[in-house]
Amino acid sequence: MLIVALWPSHSQSVVVEIPANLVIEPSSVSVDEPGWQEVSETVNLGDNLSTVFERSGAGVSVLYKLISNDEIKKPIEKIYPGQEFVFSFDEDAVLKEVSFNESPILSYHIVLDEAQQATIDKVVRVPDIHTRFTKGTINNSLFLAGSDAGLSDNMIMQLATLFGWDIDFALDIRQGDQFSLLYEENYLDGAKLNDGAIVAAKFYNNGREVTAIRYTDSSGHTDYYSPDGNSMRKAFLRTPMDVFRISSSFNPNRKHPVLNKIVAHKGTDYAAMTGTPIKASGDGKIIKANYSATYGNVVVIQHGENIRTLYAHMSKFSKYTKVGNRIKQGQVIGYVGATGRVTGAHLHYEFQVNGVHKNPQTVKLPTAEPLPSKYRDDFDSYATNMVGQLSVFDEAFATVGNLNSE
Ligand SMILES: [Zn+2]
């Protein structure tokens with residue numbers, strides 16, 4: 001990446017790259033003839049295609065002709081309020097062209113020939129990518145610090161997800177922790193369209209530093225890696241749900257709430273609403289999916305040779321959940337319930353290594369597959385460059401900060 005410009009913006013982020021020019025993929029370019037008339041129609045609430053075509057003066061018979069063509073029917077029928085249709089008529093008031101957009105980046109252009117035969121072209125606009133740098137210090141929460149650093153909620157979530165494999169944002173965060181990141185934003189006609197991806201990021205947590213670099217290998221696969229080429233992801237999710245509260249931890253000496261005697265608690269209980277999706281914590285094969293008096297609806301997944309995970313008390317299984325099925329990390333295998341011997345709706349989750357129960361909250365999770373060695377040379381030089389850029393901008397940002405504080 002070429003650094004072209006460096007200047008502070010209002011949000012204290014630093015624009016580090018002048019984007020490539022807007023690219024519009026060529027379509028059949030219409031040359032409006034003299035004497036042609038253009039009519040724009042904005043779709044109102046309650047409109048359908050017929051009303052829009054009527055209002056423009058094109059009429060419905062041409063519309064029926066157009067939607068008899070499946071290529072046209074599919075996109076044109078996704079009509080929505082606020083959408084704009086542009087009709088072009090020749091000097092004899094015969095419809096020659098219709099344009100409409102499906103999204104800010106995707107539009108369609110229909111051309112009718114002398115015989116009123118229609119062809120349709122898809123026009124895709126490629127947004128400008130602006131790469132920005134920002135940095136923040138956590139005083140209260142990652143969310144507030146991210147927001148102060150000019151990051152959108154979406155970008156803060158991306159950052160939390162990226163480092164969530166290494167840092168427990170509920171337990172590990174200390175006041176004074178810092179993050180810095182290079183990230184992309186997509187622009188169209190000078191206005192921000194949406195967030196792009198994090199390019200590279202660094203997190204300083206309680207004295208340690210974690211760096212993540214986004215890398216696309218020559219096969220087109222994109223993932224985040226540490227500078228030494230290890231995946232940022234782990235082979236297992238720490239928790240198999242997104243929304244939960246830990247209601248009972250792993251405890252070899254727990255008094256069982258139903259049996260009222262000492263029964264080791266060999267897993268972690270996550271309280272959540274009945275119906276909350278439960279995800280497979282790692283890739284594996286389902287070796288058990290049945291009902292037991294104790295565990296209720298229970299699923300066991302075998303991961304490689306040594307590791308098994310168990311998910312109990314489900315209200316129901318998902319459609320993927322059948323013994324013998326291969327399952328991917330994050331795939332929904334069932335839903336929280338209160339089946340079996342329980343006092344309330346929760347997921348009971350066990351993590352077993354070679355048949356020995358481990359604490360799911362603290363067990364050291366194996367990392368996902370590292371970058372394949374054939375991409376390592378290319379990655380190494382890219383990673384060195386990105387780590388260097390992060391440092392350069394860290395320093396530049398400090399200077400900007402100092403200037404602002406004077
Ligand atoms: Zn339990």
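**Figure 1. Salt bridge between Arg55 and Asp47.** The side chains of Arg55 and Asp47 form a salt bridge with an N to O distance of 2.9 Å; a salt bridge is a side-chain nitrogen of Lys or Arg within 4 Å of a carboxyl oxygen of Asp or Glu. The model is predicted, with local features requiring pLDDT of at least 70 and side-chain atom pairs counted only at pLDDT 80 or more, while totals for chains, interfaces and linings use all residues. Residues are numbered from 1 along each chain as its sequence is written, and side-chain values use heavy atoms, with hydrogens and water left out. Arg55 is partly exposed at 36% relative accessibility, whereas Asp47 is buried at 18% (buried, under 20% relative accessible area; exposed, over 50%; partly exposed, in between; 1.4 Å probe, protein chains only).

**Figure 2. Salt bridge between Asp189 and Arg125.** The closest N and O atoms of Asp189 and Arg125 are 2.7 Å apart. Asp189 lies in the loop between β10 (178–188) and β11 (191–205) and Arg125 in strand β8 (residues 118–126), so the pair ties together parts 64 residues apart in sequence; strands are DSSP runs (E, at least two residues), numbered from the N terminus. Asp189 is exposed, at 60% relative accessible area, and Arg125 is buried, at 18%.

**Figure 3. Salt bridge between Lys328 and Asp283.** The N to O distance between these side chains, Lys328 and Asp283, is 3.6 Å. Lys328 occupies the loop between β21 (326–327) and β22, and Asp283 the loop between β16 and β17 (284–292), 45 residues apart. Lys328 is exposed at 53% relative accessibility; Asp283 is partly exposed at 41%.

Notes: Helix = DSSP H or I, 4+ residues; strand = E, 2+ residues; numbered from the N terminus.
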